[in-house]
Structures are given as structure tokens and as C-alpha cells.
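Subject: Model handover

Hello,

Here is the model for you to open alongside this note. My findings follow below it.

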Amino acid sequence: QTHKSQNGKEIKSIMKETAKDSAAQVGLLEEEANKAEQEAAKQEEKSWRHTYSDRPGLTVALAASTMPELTLLRQNMGLVGVSSLKKQELIPVLVEALLLRAPALFQLLDLVQYQWLKKIIAAGGLHFVREDEEQLWREMETVGWVFRGTFPEGKAVFLPQEFAELFERLDQEGLGQVAARNEQWTRLMAGMLHYYGVLSSE
């Protein structure tokens, strides 16, 4: 009986220690999660650090970016052989590559993206962001089309004049029709995937 009582106490003691360890681990995880969230919020706030009175051009926008930001853009674009360049050397390479690739990428816009760009260009290339558009402008930011900044009226994303002029020229040549066709194809493909489950190249 005494032996069983001692075993029971040991088991309870082990369970208490295990519970304490688990609680400590949960506390550490929550602390790490809070730190990560705070760091993300800090980085997000820093991304709006540049202040402008007017919409800058592409070169100025890139010059305002940090080297890690330019490196990420370079990697997203798949540029090779330029990793050793300094910032001032990399910027003109990025400008040339971005403007060279933009016409082909504009041809891939869906209707929502096309209308969003058309709207921002009509507003002078400056757009004060709304929460429901966050994903859309972040997609544009990834390919180096829009940049963030703080203007006298508040935080906004902007489309450099070089892209705006290129978009308007292509729009006169039927870019809207291309975007509408892309939208139709996207819906058709989605419908086929939903109906058949997979798509075959045969």
C-alpha cells in the first residue's frame, strides 16, 4: 500500500513538472510570436519611410530602396551575373530590365489588374491604399511596378511616370482587350479545373 502511495505521488509530481514545462514552452512560443509580429509591424512601417512632395521617377524610386530590397527585386526578376554590383551600379541595370520587360508583362494583366492600373494612372500615378486592395498592389510591388511612399496627403503607392507612359501607349493599341481576353481564359481554365479536376496538355 505504501509503495503504491509513493508511486502515485511520483506520478503526480511528474505530471505537474510536465505541465509546467508545457506551459513554459507555450509561453516561449507566444513570446516569439509576439516578437515576430512586432518586428513585422516595424518593418512594414519602415517601408513607408520615404517622403515625397511629388511622384518620383523610376530611378529615384529605386535609389530610395535599400540594397536588400533591390536584391529581392533582382531575384524576383531572375537577373543573373549582377550580384556583385554596388547599389549605384545595380540601379541602372534594374531600370533597363524593368522597362524592357514591362510590355510583355502588361500583356499578361487580367481585367482587375488592368483596371486598377488605369485608375491609378488617371489619378496621376498616385494611389492612397485601401485594405481591400492590399494584395493587388503588393503583387505590383513584387514586380517593381509600384513603390511606397509618404506624401503630404498620407501613405500611398505610386506608379513611376515611365510605366504610366508605357501603359498608356499600349492601352491605345488594345491592352484593355488583351486584359479582357486574359480574364476570360482565366475563368475558362478555372472552370475546366473545377469540372475535370486536372488539365491535360494532350
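Helices (H or I, at least four residues) and strands (E, at least two) are DSSP runs, numbered from the N terminus. This is a predicted model: local features need pLDDT of at least 70, side-chain atom pairs count only at pLDDT 80 or more, and totals for chains, interfaces and linings use all residues. Residues are numbered from 1 along each chain as its sequence is written, and side-chain values use heavy atoms, with hydrogens and water left out.

Overall make-up

The protein chain holds eight helices and three strands. Starting at the N terminus, the order is α-α-α-α-α-β-α-β-β-α-α. The chain has 202 residues, and 31% of them count as buried. Buried means under 20% relative accessible area, exposed over 50%, and partly exposed in between (1.4 Å probe, protein chains only). The accessible surface is about 13,500 Å², with 56% of that belonging to carbon and sulfur atoms. Those areas come from the Shrake-Rupley method with a 1.4 Å probe; for residues, only the protein chains shown count as cover. Among contacts (heavy atoms within 4.5 Å) with a separation of 6 or more, 65% link residues 24 or more positions apart.

Three strands form an open sheet in the order 1-3-2, with antiparallel pairing. The edges are strand 1 (126-127) and strand 2 (147-151), and each pairs on one side only. Two strands pair if DSSP finds at least two bridges between them. Strand 2 and strand 3 (residues 154-158) pair over five bridges, in the antiparallel sense. A hairpin of two residues joins them. Look at the facing residues: phenylalanine 151 stands opposite glycine 154, and phenylalanine 147 stands opposite phenylalanine 158. Strand 2 is mostly covered, with four of its five residues buried.

Helix 7

Helix 7 covers residues 161-172, which makes 12 residues. The buried residues of helix 7 are Phe163, Ala164, Leu166, Phe167, Leu170 and Asp171. Seen down the axis, they fall within an arc of 165°, so they line one face of helix 7. The arc is taken from the directions from the helix axis to the C-beta atoms. After helix 7 comes glycine 174, with a positive phi near 100°.

Best wishes

Note on methods:
Expected span 1.5 Å × (residues − 1).
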